Amino acid sequence: MELLTRKESWNIAYEHALGETASWFYVQIRDHAKLYGRRDPKSGRVLVPPRSFSDQTLEPTTEWVEVGPAGRIETFTIVYEQFKTLPPPPYAFGYVLLDRADTAIGGFFRGIDLSDPAQAAQTLKVGVRVNTRFAEKRTGDILDFWFELESK
Amino acid sequence: MRDLPGKTHVAVVGCAMHAPRDAKQRSLEEAIYAVARAALLDAGLAIDDIDGIVVGANDQLDGRAISVMMASGSVGGVGRDILSTPSAAEHAFVLGALRVSAGQFRTQLVVSWSPTEVSSIPEALRLGTDPYFHRALPLDELSAAGLQATALESAVPDIRQAAISIVVKNRNNGAIAYPDRAAAPRETAWIASGKPLRWPLTDTMVTPPAYGLVALVLADAEFVKERSLPAPAWIQGLGWATEAGLLGDRQLAALASLAAATEQAYQQAGIKNPTTAFQLAEVADATPYQELLAYEGLGLCARQEWLRACESGRFERGGTLPVNLSGGALSFNPVYCAGLMRIAEAANQLRGRAGHHQTAKLERVLAHAASGFAMQYNTVVVMGRDPVAGTHSCVGARP
Amino acid sequence: MRWCKTMKSTRVGIVGIGQSAFKSHRDDANYPELVREAVALALQDAGRGLADMQAVVYSLAPDALLGIGNAERLGVDAVGARNKRFMRINTGGSTGLSTVAAAHAHIAAGVCDVVLVAGGDKVGESGDSQAILNKIWDPTYERQLPLTTITMLAMSAVRAMHKHGMTEEDMARVTVKNRVHAALNPKAHLRKKVTIEEVFASRYLAWPIKLLDACPQSTGGCAMVLASERYIKENRLEAVWLTGLAHCSESYFIGDRMGNNYVADHADAHALRLSFERAYRMAGIKDPAKQVQAAELYAPFSNTEFHAIEAAGLAPLGQSMAMLRAGEFYLGAGTAVNPSGGTLCTNAIAVSAMVRVAEAALQVWGRAGAHQQPGARVAVASGNGGDHQFFGSAVLEA
């Protein structure tokens, strides 16, 4: 028999409050191209991106600490598949432990030849040093910066 | 012979309810963290005292695809056993109570919230209609409530007057309980002159969605004793049940699921005569028609008596059974967690922590929560000053 | 102590199991019909009717994958829950196991004697599940990045390669094994055997994960009937026993699982290990590597099966790759891992973790058919949800 389908899509938008902590972090990126973390007083860990409380201790964080701009790769992946609403492949992104931080922050890796997966994965290795690059025009967002391999 | 506590009795030992004034000051995660901490402070406990967590979270309202993910860190989920009941905020309470009662956990933290960050709450909730037959219709929660009110008005003559009096009552109550956030008190003529939103519901018969959060701490009898926790609100009976999914499959003017949930809870708590068993009730009232249905379903008042009971002042402050002294959802409506707030309000009354609207001399209270289109889910909670309510037979579920 | 008591007093058994033959699409059945199909099978298996069920716990992960908000409401009639106790659980990929745990609490609390757990998924209808799954990340810091469940676990693989020396060939071996198993399981979605070379020839999705390292988007349902020991005895039902059940969680933030002084490493499954420790304690299992004959471990990508095996205590940390190389974890070995083919061959997200429990139950029941692990008396199941965040584990015994 004839089997029918109905097309439906969800069209709802959200205006998510960032709160004081993330707002301040993004303003520093936008206006000063600087990155900060928050220190968890109980564990001493500097959380980057900054959280107003630690999910390990459930204590409020108490101190801003400037971090980066250099750091090391903690993990990465290189995407070769097109996913709807996501960027055209290939692209590389992952997590970087910025200097003076204790947790890693996500971001894109740019300036790397990704055409050969195996070779690209040799360039982007866990532990490799990277530097943060900031966009000329910044809006106060995580995409205002990305990582490039530290020049030798 | 077992009452709800299959292995142990369960009590509410801490509550917090927040209505953030400046929604931008904190992210949702931070607001959830704040309400969870406040409930722990209220209980006099630390997060290390919490064995497990249940949250009630709605992905569409939160704008997070698995909302418990972002909330977990805020409520102490890291390293703990945390579950989520998206079906209803009050289901988180039910599961939390079951988990303690089963003896696997001494304590549970139960948290829910209802933000207003979505572009349109009605549109977000309308996604709950099935895409096969109903999505193309303008069927949102308010329309469903309107359909239910119509069904009720046609089944029971002259109940509009009773409905209006409930709005007046709850807004008056809200003005005492939470003057900072409640809809202002208004006289009967004002309420009666509202503009239709979804006939027969008018703009004075509902309150716009608000941002609210609620958290409760549950503990078993041993823990309550060990920590000498003051004034626990003991859960004596717990019932929950659902209507059919599609509105067309239901009797909108009669809630069989509420009757079933009530029977479960009353049987557990050994309630024989509900009209005299409670000194206070907090019930679902997203519309005043919901409160009327609750009167009937909870065995507090037959539908033929609605108007007379409302006029008599029985359910008002100072009446024999004050209902929604908190002002209910008719004065403050955090859509998704309004039901869990009813339970928290009733528990706080028993614990002597209700605030301006505290009532004296409470032995036993009743809470009712409803969620979903036209009250699909109904949950009934009986709480008392003592762990066990007189004589009771065994748990209701035995066939 | 966060989790302190055992529940020796109320034993809970599984008395009926139903699952679909999973496929990519089912245009012949809408969502509730799909759930109903599994319920009918489970009830038939249990020799019970819908009227016997005292409560239903509904298994459903993100609404958005179905495109129906609170889709469990639509499932009420499919599971016969009208005027009965009903609630839905969602912990992402671990939902199906969390649902079983919630149902277990219904019975252990003494409130119910018989509880139905059920759910279904039509991931194939969602258009692009990865575009939806990006929305599980926090809108403050992370959603702007192309995080998906694939990239998230590719990053776990990269750390496992760095930390434990896992190779792409090790990963391919998991696919090869699970496809061998799935070929024996008529309910599995991907049942074609593959070679290591074929895995290597498949395209990269997100390095190092290739198409054949990844699970499919499956359509189908699963349901089970749980009952108290008293009810089982009174009604002379056949049952297998849920002797251990627990959950544990990690931070939402992947970046917190690396760097300095972290509690959990994103390479591994720290909280899954804690969850298994709790479940084993409850079941009284002291040496899982010796005591467990079958393990249905939630692993949607080949690499994640390794850390699941280690978290379940079936291999020392970092040793599971070598053990698979040596032929362990196949049907017939000391512990068969994913004898059904696992999540790697069938992933209807809402019920994937329930299928793990169901398959583990079938093993100790001796009813797994062609993919039966000989002599299985103790089996374990696990579920992973969120961004490698929520972990559940179960112990099943004959």
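This is a predicted model: local features need pLDDT of at least 70, side-chain atom pairs count only at pLDDT 80 or more; totals for chains, interfaces and linings use all residues.

Reader: Okay, so is B:Asp180 buried or exposed?

Author: B:Asp180 is exposed: its relative accessible area is 51%, and the cut-off for exposed is over 50%.

Reader: And how far is the C-alpha atom of B:Asp180 from that of B:Arg21?

Author: Those two C-alpha atoms are separated by 9.4 Å, although B:Asp180 and B:Arg21 are 159 residues apart along the chain.

Reader: How many residues of α1(B) are buried?

Author: 13 of the 16, so α1(B) is mostly covered, with buried meaning under 20% relative accessible area.

Reader: What follows α1(B)?

Author: B:Gly44 does, and its phi is positive, near 70°.

Reader: Now the helix pairs. How do α10(B) and α12(B) cross?

Author: Helix α10 (residues 256-269) and helix α12 (residues 288-297), both of chain B, have axes that come within 9 Å and cross at roughly 45°. That makes α10(B) and α12(B) oblique to each other, and their crossing is right-handed.

Reader: Which residues meet there?

Author: From α10(B) you have B:Leu258, B:Ala259 and B:Thr262, and they meet B:Leu293, B:Ala294 and B:Gly297 in α12(B). By class, the residues of this contact of α10(B) with α12(B) are four nonpolar, two polar and no charged.

Reader: What about chain C, where do the axes of α5(C) and α11(C) stand?

Author: The axes of α5 (residues 149-164) and α11 (residues 302-311) of chain C come within 9 Å and cross at roughly 60°. So α5(C) and α11(C) are oblique to each other. The crossing of α5(C) and α11(C) is left-handed.

Reader: Which residues make the contact?

Author: On α5(C), the contact is made by C:Leu153, C:Ser156 and C:Ala157; on α11(C), by C:Asn303, C:Thr304 and C:His307.

Reader: And how many nonpolar, polar and charged residues does the contact of α5(C) with α11(C) have?

Author: The contact of α5(C) with α11(C) has two nonpolar residues, four polar ones and no charged ones.

Note on methods
Residues are numbered from 1 along each chain as its sequence is written. Chains are lettered from A and ligands numbered from 1 in the order in which they are written. Side-chain values use heavy atoms; hydrogens and water are left out. Buried means under 20% relative accessible area, exposed over 50%, partly exposed in between (1.4 Å probe, protein chains only). Helices (H or I, at least four residues) and strands (E, at least two) are DSSP runs, numbered from the N terminus. Axes are lines fitted to C-alpha atoms, for helices over the stretch in contact, and angles run from 0 to 180 degrees between N-to-C directions. Angles under 35 degrees count as roughly parallel, over 145 as roughly antiparallel, 65 to 115 as roughly perpendicular and the rest as oblique. A crossing is left-handed if the near helix is turned anticlockwise from the far one by less than a right angle, and right-handed if clockwise. Contact means heavy atoms within 4.5 Å. Ala, Val, Leu, Ile, Met, Phe, Trp, Tyr, Cys and Pro count as nonpolar, Asp, Glu, Lys and Arg as charged, and the others, Gly among them, as polar.
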